[in-house]
Amino acid sequence: MFTSVLQYDGHANLAGLEQAGVKIIELYHEFPEEFLSAQICLTMEERALAVMQNKNMAVAGWTVQLMPSHLPAILEWKEDWNGAYLVLDFTNWKDASCEKLEKLLIQNAEEIVKRNLHIFVENSCRKVGEKFGFGAFSEMKNLVTVCENVARSCALSRENLGICFHVGHANLLAQNVGAEVTVAGDWLKLVHVQDNNGFRDEEQIPFTFTTGRGMLSTDWYGLIGHLIMMNYDGMLSFAIPGAFATAPQKLHGALAKLLLAMTAIWNSEYEFEKQLQQPGKQIILFGAGRMMRRYQQMWGEKYPPSFVVDNDSKIWDTVVDGIPVRCPQAILAVPKNERNVIVCNMHYKEIGGQLEKMGVKYHCFRDEYYF
Amino acid sequence: MIEIGVQTKGILPEREADHAFKMISDAGFSRVDLNIDCFLKNTDLYRGKCNSFFDASREELQSYFMPYKKAMEKYGLRPSQMHAPYPVRVEGNDKQNEYMQKCVIPKCLALASFLEVPWVVIHPFKMQYVYDKEREWQENIAYFETLIPLLKEHKVGVCFENLYESVGGRIVEGVCANPDDAIRYIDTLNDIAGEELFGHCLDTGHLQLVKRDAYAFIKTLGRRLKVLHIHENDTVGDLHQLPYSFGRHKGEGFDWQQFCKALGEIEFDAVLSFETFPTLNSFPFEMEKDVLNMIHAVGEYLKSEIDDRCPR
């Protein structure tokens, strides 16, 4: 299952977020090169205190945009991090390399372990003027290699070392976000969720950017589908400073509610298989077309349908792909407590309305997460 | 008193009217923008494919939309505007144009009266890049003048919307994109009519695309501003997304503060109507209620900002 986290960079309306039901916060800091240790500690302390005033919220971790020289000071800020995570964003590290990152982590491994902290390395872009390009840490395969090399060489292991996948950065580099998280595999410990149009780093809420109307600029369905298929059981941190900066403070609570609802929808997709696991019930599909075939591909062997219904009367009383096709009214011949109706058609609203009129409950198979 | 409304596109006609209007009402909206253009799509009209929906008689259309009327009444919703099918004129398709202008639009006006819609948004003809602005003006005035008796009969008004066109794949200003042009159309036709039957529909997204300033546009229009189409985009495509969805830093994106300031100063007292069906379509469909709630929350915020700036 996914757990939603909201990133706080000092600008969001914390009271509004709390009222909206946000329980878990991630704190964000940017430390320019010239920042001194004392400034780092003060900044982190102030922001943490601001969150602690909200009794219903807990801090799960931190993300810092830093230079390598800042890491010791950051680690020293807390004696015991109580298992919190620290995401290292090295966007501004100009002469970065995987070898240098490995060396940095190994050098600080003892402190990390001693202070009970989880360290996540994050994919980043290289920025040249207004353009984005690939850098040392842009590809998951390189970050996986870093983690494996570090784990072989010091006290850090899969227990306290991992990768944070930043969707926005990957989108700016036109990467296949679903494929990238699969490459990260078990090293994936956190996902930073945000949207952009692939050109400007706007750091907005998911589903905001489209090309034309309704064609998503970011492959959200592909990303979530891949996370589900790899059984990613972790946090999705909504890192949306752009949304909190452009929207008035009074709307931050409403934004947070939208994000919590989004996580709930993704979790219901995560649990889709549970809808199919209902002993004593017949699985009845609605829609005998392409989506039915995709259902069969994914679930047909484990959860075979009894029959499929379709609004196309020309195919009633025939067999499609080995499944008998009947008219929609045939659902009513099955006792209510024995039906498990699954819509396999993109016209969810219309078919949903049709089923509701018939008094039939249903769930939807969403193939866009997987195909 | 300012009210908050939303368009029905994206919600109807996919659903039963009762379910759809309940959803809209549950989200807190009190007004609706009825998208009759869903029944004769612009994409089909541009391709010369005209369906037979409006071949129905006025009585048949009333019967078809009776569930809408009943559902709106049931859930305490009132229409603030209706969007007629468009385009009303396609270059080179005289037969379709005659059908649209002499059959579809008059039936829409009658339907508006039946559904108690005060304003119908009708896209004026787009002709300036094929001919010139003066010819566009003449043809539009000639046509819309013919609608005046119908408007009086049905007691509805027509709003012109600030439109854009595409030249070389690039978005450029279209008819009524310039507020002075919009005023010229409205005032001329109202003078001919002898009463206020024409007004303006301000589309915020279209303003962005042709780089117009919202404050200046609204102040110039004044009381001619009757209805709104509220949405935001990235200034490149007509994305119809939620306000405050674009930009990385405060002040980037559409200037909603100036928009509210201008509406307050002209004492705007109508409906903040959101034209955000692509927003609904962008999010997973299971989130429709949550997205509608968000849109309404934005509406409440804008309303409070306008009220704070109203001299009344």
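User: Where in chain B is the place of Thr235(B)?

Analyst: Thr235(B) is in the loop between strand 9 (225–229) and helix 10 (256–265) of chain B. Please keep in mind that this is a predicted model.

User: What is the phi of Thr235(B)?

Analyst: The phi of Thr235(B) is near 70°. That value is positive, and the residue is other than glycine.

User: How should I read the accessibility of Thr235(B)?

Analyst: A residue is called buried under 20% relative accessible area and exposed over 50%, with partly exposed in between. Thr235(B) has 36% relative accessibility and therefore counts as partly exposed.

User: Please apply this reading to Ala174(A). Where is Ala174(A) found, and is it buried or exposed?

Analyst: Ala174(A) is found in chain A, in the loop between helix 7 (167–172) and helix 8 (177–184). Its relative accessibility is 70%, so Ala174(A) counts as exposed. Ala174(A) also has a positive phi, of about 55°, although it is not a glycine.

User: Let us turn to the peptide bonds. Which peptide bond from Leu12(B) is cis?

Analyst: The bond from Leu12(B) to Pro13(B) is cis, and the angle to read is omega, which is near 5° here. Pro13(B) belongs to the loop of chain B that runs between strand 1 (3–7) and helix 1 (17–26).

User: What kind of peptide bond joins Tyr86(B) and Pro87(B), and where does Pro87(B) lie?

Analyst: Tyr86(B) and Pro87(B) are joined by a cis peptide bond with an omega of about 5°. Pro87(B) lies in the loop between strand 3 (78–83) and helix 4 (94–114) of chain B.

Conventions: Residues are numbered from 1 along each chain as its sequence is written. Chains are lettered from A and ligands numbered from 1 in the order in which they are written. This is a predicted model: local features need pLDDT of at least 70, side-chain atom pairs count only at pLDDT 80 or more; totals for chains, interfaces and linings use all residues. Side-chain values use heavy atoms; hydrogens and water are left out. Helices (H or I, at least four residues) and strands (E, at least two) are DSSP runs, numbered from the N terminus. Buried means under 20% relative accessible area, exposed over 50%, partly exposed in between (1.4 Å probe, protein chains only).
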